[in-house]
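Me: Here is the model I want to go through. Can we take it topic by topic?

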Amino acid sequence: FEELRPSNAFDFWMPPSVGHLALAFLQGSFAFSGWNFLNYVTEELVDPRKNLPRAIVISIPLVTFVYTFTNIAYFTAMSPQELLVSNAVAVTFGEKLLGYFSWVMPVSVALSTFGGINGYLFTSSRLCFSGAREGHLPSLLAMIHVRHCTPIPALLVCCGATAVIMLVGDTYTLI
């Protein structure tokens, strides 16, 4: 826990720059993107005037708590240099502390990634659907499944776009 002492915690061993600060905010925003997903699906919420603020008020502090204490756990077990060298910090953390049960971390990361992609596909297809319904995108994207009431064409377009993004493979290339 040496890196968490106030004398070390604010010791910049790397010169800060505006680019690094922007990148930190960009990467941190992915941890908090659930609040944004809620805004896109307001039309499908039951009693959105009551449930949307409730969901935001509950989720943001909960995610902030988990995110903060996860980072404290990382800095308790690893030095900043180890964090920077690691390609997957959670996996390295698991290998260092969990021993035989280190397999839990890659599985958790995969499930979290799956949940994030699920949220992205769910909300982005609704964006395409709404844009098409308002006449800003081709009307084909405004079609919905008769029984399930889901925007199938918009989902297919978003799945295709997601596949292309995944094929690029490097977040920094996309940025």
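**Spans, confidence and salt bridges**

Reply: Residues 54-77 are 100% helix and 0% strand, and their end C-alpha atoms lie 35 Å apart. Helices here are DSSP runs (H or I, at least four residues; strands are E, at least two), numbered from the N terminus. This is a predicted model, in which local features need pLDDT of at least 70, side-chain atom pairs count only at pLDDT 80 or more, and totals for chains, interfaces and linings use all residues. Residues are numbered from 1 along each chain as its sequence is written, and side-chain values use heavy atoms, with hydrogens and water left out.

Me: What is the mean pLDDT of the protein chain?

Reply: The mean is 83, and 93% of the residues reach 70 or more; pLDDT is the predictor's confidence in each residue, from 0 to 100.

Me: Where is confidence lowest, and where highest?

Reply: Lowest in helix 1 (residues 6-9), with a mean of 69, and highest in helix 6 (residues 89-97), at 89.

Me: Changing topic, how many salt bridges does a search of the whole structure find?

Reply: Two, where a salt bridge is a side-chain nitrogen of Lys or Arg within 4 Å of a carboxyl oxygen of Asp or Glu. Glu-82 pairs with Lys-96, with closest N and O atoms 3.1 Å apart. That pair links distant parts of the chain, Glu-82 in helix 5 (residues 80-85) and Lys-96 in helix 6, 14 residues apart. In the other, Lys-50 meets Asp-47 at 3.9 Å, N to O.
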